[in-house]
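Please read each point with the sequence and the model side by side.

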Amino acid sequence: MDIIRNFVVLEGGDGSGTTTQLAMLTERLKNTQKLPFFPTFEPTDGKIGLIIRAALKKEIILNPETICFLFAADRNEHLYEKDGIIERAARGGLVISDRYFLSSLVYQGIECGDELPEIANSRFPAPEITIFFDIKPEIAIERIKSRPSREIYEHLDFQKKVHEKYLSVLKNFTEKGGRVEIIDASEEASKIADKVWSIISQMPIFIQSESFL
Ligand code: TMP
């Protein structure tokens with residue numbers, strides 16, 4: 001398994017808090033040290049990501065298979081574009097992404113079957129660490145209820161499938177050599193943030209650059 005050093009991914013169902021936690025981590029890193037830090041997310045805000053967002057909001061209707069290819073295309077740019085994940089991580093920056101290819105293996109695996117997302121994502125290198133935000137779908141869906149509009153996957157029935165699928169996809173990924181840390185995402189945001197920090201701050205990039213801390 002090819003691994004991108006200095007690259008961390010946050011994964012979880014909708015409403016599991018990955019976006020909130022990345023914002024909290026960004027704040028913490030900004031205040032504590034000068035290590036180059038690049039928070040990012042998928043779908044991206046690039047051209048392909050914008051098409052995906054439109055499909056998620058049902059502004060355009062696309063086949064699930066098309067969406068699967070779009071996620072993979074968006075990811076390919078995210079990784080290999082100028083100043084993308086690969087370049088930034090190789091230059092010694094810490095890159096943390098809100099979602100990456102496991103999201104496709106889970107969501108598009110449910111929508112299209114396992115084969116297509118596995119093929120479309122087979123060439124992408126793995127992150128150094130994947131942090132999974134584990135939460136009961138019933139609790140997660142309560143959290144996102146107040147959002148003004150619902151995207152195509154934000155329904156309890158689908159989120160139950162997402163949670164179950166994450167567990168099997170993560171098991172597979174771990175067996176192939178991927179490093180996964182599981183966090184109880186039903187706790188208070190500040191407690192979760194501390195747990196995220198305790199994982200991230202043990203990474204070699206921090207140990208090598210102790211002077212930053
Ligand atoms: P977000 O809620 O984290 O912004 O992600 C948008 C939605 O896109 C979310 O429901 C998860 C979904 N998604 C996929 O279905 N496949 C993918 O590969 C990614 C990155 C996200």
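Predicted model: local features only at pLDDT ≥ 70, side-chain atom pairs only at ≥ 80, totals over all residues.

**Salt bridges and ligand site**

1. Asp114 and Lys165 form a salt bridge in which the closest N and O atoms are 2.5 Å apart. Asp114 is placed in the loop between helix H5 (101-112) and helix H6 (115-120), while Lys165 belongs to helix H8 (residues 156-175), so the pair ties together parts that are 51 residues apart in sequence.

2. Asp114 is partly exposed, its relative accessible area being 37%. Lys165 has a relative accessible area of 17% and counts as buried, because the cut-off for a buried residue is under 20%.

3. How many salt bridges does the structure hold? The total is 14.

4. Lys30 is exposed, at a relative accessible area of 56%, whereas Glu27 is partly exposed, at 40%.

5. Attention is also drawn to a network of salt bridges that links Lys82, Asp83, Glu87 and Arg91. Within this group, the side chains of Lys82 and Asp83 meet in a salt bridge at 4.0 Å, N to O. Is Lys82 buried or exposed? Lys82 is exposed, with a relative accessible area of 68%. For Asp83 the relative accessible area is 31%, which means that this residue is partly exposed.

6. The ligand site deserves a separate reading. There are 14 residues around the ligand, and those that come nearest are Asp14, Arg75, Arg99, Ser104 and Gln108. The space that the ligand takes is the largest pocket.

7. Which helices each supply at least two residues of the shell around the ligand? They are helix H2 (47-56), helix H3 (64-80) and H5. The largest share of this shell comes from H5, which provides four residues. The loop that holds Asp114, described in the opening point, lies between H5 and helix H6.

8. In Arg75, a polar side-chain atom lies 2.8 Å from a ligand oxygen atom. In Arg99, an N or O atom of the side chain is 2.7 Å from an oxygen atom of the ligand. In Gln108, an N or O atom of the side chain is 2.8 Å from a nitrogen atom of the ligand. Taken alone, the ligand exposes 480 Å², and the protein buries 93% of that area.

9. From Glu11 to Phe69 the separation is 58 residues in sequence and 20 Å in space, taken C-alpha to C-alpha.

Definitions and conventions:
Residues numbered from 1 in each chain as written. Heavy atoms only, no water. Buried < 20%, exposed > 50% of the residue type's maximum accessible area, 1.4 Å probe, protein only. Near = heavy atom within 4 Å. Polar contact = N/O pair within 3.5 Å; in protein donor to acceptor, adjacent residues only side chain to side chain. Areas by Shrake-Rupley, 256 points an atom, 1.4 Å probe, with all protein chains shown as cover. 1 Å grid on protein atoms, 1.4 Å probe; cavity = no way out; pocket = protein on both sides within 12 Å on 5 of 7 lines; lining within 4 Å. Sits in = over half its atoms within 2 Å of the grid points.
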